[in-house]
Amino acid sequence: MAFKAKNINIETGADIILVSEHDARLLNIRAGDRLNVKIGSKQAVAIANVTSIVPSGTLGITKSLGEELKAKNGENVDISLAEQPKSLLAIKERINGKRLEYEDFFEIIKDGLKNKLSREELTAFVVALNIYSLDLEEAEHLSNAMVNTGEYLELDKKRIYDKHSIGGVPGDKTSLLVVPTVAAAGLTIPKTSSRAITSAAGTADRAEVLMPVTLSVKEMKQVVNKTNGCLVWGGAMHLAPADDMFIKIEYPLSIDPLLLPSILSKKRAVGATDLVLDIPIGETVKIKTKEEANLLAKDFITLGERMGISVRSAVTNGQQPVGYAIGAAAEAQEALALLEGRRSVPDLLDKAASIAGILIEMSGKKNGRAIAEKLIRRGASEKKLREIIAEQGGNEKIKSEEIQLGKHSIDMISDLNGNVISIDNMALASTARLAGAPLIKSAGIIMHKKLWSEVHKGDVLFTIYSDSAPKLYAAEKYATSAIPVLVASGSKMLIKEISQKRTVARKFIFER
C-alpha cells in the first residue's frame, strides 16, 4: 500500500508515526507497534499511533521523526513491522524484578535519548526501578551508562572538585560562595547546576541573575581554564543528558529512584575526582533524620569510590532557609552583598565556609574552613566571582544594590507575641512560586524573623515580592492559610483549629 508523508509539527517525546484507523485495520497495526519507516534512502523505527486526524493513505510524521528522516510533505513512505528493540526487552526484565547489566542500561538510555522508546515504556522502567531498588552494582552500571551516552568535559587537571546539595532548603545560595572560594584557593571546580524543579530557585537560576549560564561544553572549558571555576546550567549541555529525560518522568509521579546515579553521573561527566555532598536534614526537607542522612551518605561514598570519585558528606541544618532571601534575584543579591562585605548573613557564611573548607582539606591543606572564611572576608572570593561573571559574559562590575526585587510587595504580619517555633520550608517555597518564582527572577521572599526570633504583635515575619499583582495576591492568600512561619508564646499550646475536611496531596521535594 502506498503512503504519503504529512509533517505534524508536534513534539511527542518519542518517534511517533500517525496511522489512520482505516489503514491500521487493513494492515493489522495496533497502537504501540513498532514500524520500520523509510523515505528515500533514510529510514528509522517509529512507534505507531492510531488516530482519526490523518486520512487513509497518509502517514503523520511527528517532529523528531521528521527531522531524522528529513521528511517533506507528499513524499512516498514505506512502512513494515519492526522487531522490538533490546532496550524494551530489558525494561520487561526489570518489570519482572530481574537485575540488569551495564549493556541493558546503556541500551535503554541510548534508545530513550534517540526517541526510540515511548513515554509509557520509559515510565514503566522508572517505576520498576522504584519498586525493585537498585543495588550498588546496578547503580554503578546505570551511572556509567548515563555518562557514556553524553559528552564529557575534559580538563588537563589531575584533580577536579565539586559540590552538590540534594536540595529542599529555600534560599540555599551556598554555591555562589563555595565555587569562587574554592577557585580562589587554587582548586578547579566546574560547577554545573540545575534550574528549580520544586523550589523557588535552583543554582542556575540564581547565577543567571549575575551572568549567562547557558554555555556549551567548549565555552565552559574556556571559562574554567581561565578562572578555575564556573557556574553553568547543566541542562544546556550534553553532559549525562539522560537525567533530564528521567526527571520528566519522576517528577509528576513524586518518586526519585535515580537519585544516586543522577548526581554521580553528572559529576563524573565533568571529571570530578573529589565531591562534597550536602545533605540537609529537617522536618520539612527531603531527609528527615541523621540516621537517614548517614545511610544515604554511606551509599554515596561507596558508589563514588566505585566510580573513582572521593566523596565526603556534609550533614547540614535544614530546619529553615539559608540566609534571609528566597528567590533568584533576592538570593543573588544576598550572596553578592555578603561577598562585598555589605551584609552579615552568619548562617550562609558558616555553611559556605564549612563546605568550601572540606573541599580545600580534600586537596591536602589543613584548616580548610579557616582558609575559606579568610578568602571570603578578605575579598578574594568576590574577586574570583567577578572573574567568573566576566568570562561567562556578565557584568563583572554589578553591585548587589543594583539587583532589583519585584515592584509589588506585601508584608506578612504576626498577630501575636512570642517566638518563631517552626518554619515550613515547603510552604515558603510554594509561596515564592505562587509569587512567580523561579520564572520571574524578581519574585521571592525576604525573611525578617527566623527560628527562635522574638516576635511582637505587628512585627513583619516575611515580605513577599512579585512583579505581578495577581500572583502576589495568590501568594499572600496561600501563605495566610499555610502559616509558613509559626509564632507561639511559651504557654500557647493551640497552633491551629481545623474544621474543614480536605484531602491534600503530599508535597514532594524534588531537586537535583
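Where does Asn115 lie, relative to helix 4 and helix 5?

**View 1. Asn115, a residue in a loop between two helices.** Asn115 sits in the loop that runs between helix 4 (102-113) and helix 5. Helices here are DSSP runs (H or I, at least four residues) and strands are E runs of at least two, both numbered from the N terminus. The phi of Asn115 is positive, about 65 degrees, although this residue is not a glycine.

**View 1. Asn115 sits in a loop between two helices.** The loop joins helix 4 (102-113) and helix 5. Helices are DSSP runs (H or I, at least four residues) and strands are E runs of at least two, numbered from the N terminus. Asn115 has a positive phi of about 65 degrees, although it is not a glycine. Asn115 counts as buried because its relative accessibility is 18%; buried means under 20% relative accessible area, exposed over 50%, and partly exposed in between (1.4 Å probe, protein chains only). A note for every view: this is a predicted model, in which local features need pLDDT of at least 70, side-chain atom pairs count only at pLDDT 80 or more, and totals for chains, interfaces and linings use all residues. Residues are numbered from 1 along each chain as its sequence is written, and side-chain values use heavy atoms, with hydrogens and water left out.

**View 2. Helix 3 packs against helix 5.** The axes of helix 3 (residues 86-95) and helix 5 (residues 119-131) are 9 Å apart, at an angle of about 35 degrees. Axes are lines fitted to C-alpha atoms, for helices over the stretch in contact, and angles run from 0 to 180 degrees between N-to-C directions. The crossing of these two helices is left-handed, meaning that the near helix is turned anticlockwise from the far one by less than a right angle (clockwise would be right-handed). Contact means heavy atoms within 4.5 Å.

**View 3. Phe105, Phe125 and Phe246 form an aromatic cluster.** Across the whole structure, a search finds three aromatic pairs. Rings of Phe, Tyr and Trp (its six-membered ring) pair if their centres lie within 6.5 Å; planes under 30 degrees apart count as stacked, over 60 as edge-to-face and the rest as tilted.

**View 4. Arg195 lies over the face of Trp233.** Arg195 is 4.5 Å from the ring centre. A charge sits over a ring if NZ of Lys or CZ of Arg is within 6 Å of the ring centre and within 35 degrees of the ring normal.

**View 5. Gln320 and Lys450 touch one another.** Gln320 is in the loop between strand 11 (310-317) and strand 12 (325-326), and counts as buried because its relative accessibility is 17%. A polar atom of the Gln320 side chain lies 2.9 Å from the backbone nitrogen of Leu451. Not counting residues up to four places away in sequence, Gln320 touches Val169, Ile423, Asn425, Lys450 and Leu451. Lys450 also lies over the face of Tyr324, 5.0 Å from the ring centre.

**View 6. Helix 7 is mostly covered, and Ser381 reaches one of its residues.** Nine of the 10 residues in helix 7 (residues 175-184) are buried, among them Pro180 and Thr181. After helix 7 comes Gly186, with a positive phi near 95 degrees. Ser381, in helix 16 (residues 380-391), is buried because its relative accessible area is 0%. The side chains of Ser381 and Thr181 make a polar contact at 2.7 Å. A polar contact is a pair of N or O atoms within 3.5 Å; within protein, one must be able to donate a hydrogen and the other to accept it, and residues adjacent in sequence count only if both atoms are side-chain atoms. Leaving aside residues up to four places away in sequence, Ser381 touches Pro180, Thr181, Leu339, Leu375 and Ile376.

**View 7. Ala272 and Asp162 meet across the chain.** Their C-alpha atoms are separated by 6.3 Å, although the two are 110 residues apart along the chain. Ala272 is in the loop between helix 11 (259-269) and strand 10 (274-281), and is buried because its relative accessible area is 0%. Beyond residues up to four places away in sequence, Ala272 touches Ile160, Asp162, Lys267, Gly308 and Ile309.

**View 8. A cis peptide bond joins Ala437 to Pro438.** Omega is near 0 degrees, and Pro438 lies in the loop between helix 17 (425-434) and strand 15 (444-447).
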